[in-house]
Amino acid sequence: QVQLLESGGGLVQPGGSLTLSCTTSGIIFGEHAMSWYRQSPGKQRDLVATVTSRSTTNYPDPVKGRFTISRDNAKETAYLHMNSLKDEDTAVYYCNAFSALSGMEYWGKGTLVTVSS
């Protein structure tokens with residue numbers, strides 16, 4: 001019943017921009033912190049960005065200043081706006097929802113972003 005669906009992945013040139021979307025269903029969206037993670041072959045899954053239920057955001061250094069996470073509670077959707085993309089941004093990007101109230105965590109299946117000329 002719970003479903004997180006990522007969309008918006010694809011091929012983009014270095015220096016380009018791309019926006020990912022994560023639509024959710026089956027959860028109380030407003031009580032969940034939303035995050036994006038990414039994973040490349042042979043590497044661990046790393047946090048990309050988090051937006052809390054109160055819309056505060058956090059970014060690790062590799063994407064800080066280039067990526068922006070946002071949420072639309074009415075649409076129950078989270079977004080990742082990616083600018084100035086680099087080759088090393090190539091990865092499968094996963095949407096994550098976490099509720100501190102229930103302790104439940106959910107994952108999407110991922111969407112592939114390829115940065116290449």
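Helices (H or I, at least four residues) and strands (E, at least two) are taken as DSSP runs and numbered from the N terminus. The structure is a predicted model, in which local features need pLDDT of at least 70 and side-chain atom pairs count only at pLDDT 80 or more, while totals for chains, interfaces and linings use all residues. Residues are numbered from 1 along each chain as its sequence is written, and side-chain values use heavy atoms, with hydrogens and water left out.

Ser84 lies in the loop between E8 and strand E9 (91–99). The phi of Ser84 is near 50°, a positive value in a residue other than glycine. Most residues other than glycine have a negative phi. With a relative accessible area of 40%, Ser84 is partly exposed, a class that falls between buried (under 20% relative accessible area) and exposed (over 50%), for a 1.4 Å probe and protein chains only. Glu76, in the loop between strand E7 (67–72) and strand E8 (77–82), also has a positive phi near 50°. Glu76 counts as partly exposed because its relative accessibility is 30%.

A nonpolar core is defined as a set of buried Ala, Val, Leu, Ile, Met, Phe, Trp, Tyr and Cys residues joined through side-chain atoms within 4.5 Å. The largest such core has 25 residues, and Trp36, Leu80, Met82 and Tyr93 have the most contacts inside it. Two or more residues each are given to this core by strand E3 (18–25), strand E4 (32–39), strand E5 (46–51), E7, E8, E9 and strand E11 (111–115). E9 supplies the largest share, 4 residues. Beyond four places in sequence, Met82 has contacts (heavy atoms within 4.5 Å) with residues including Leu18, Leu20, Phe67, Tyr93 and Val113.
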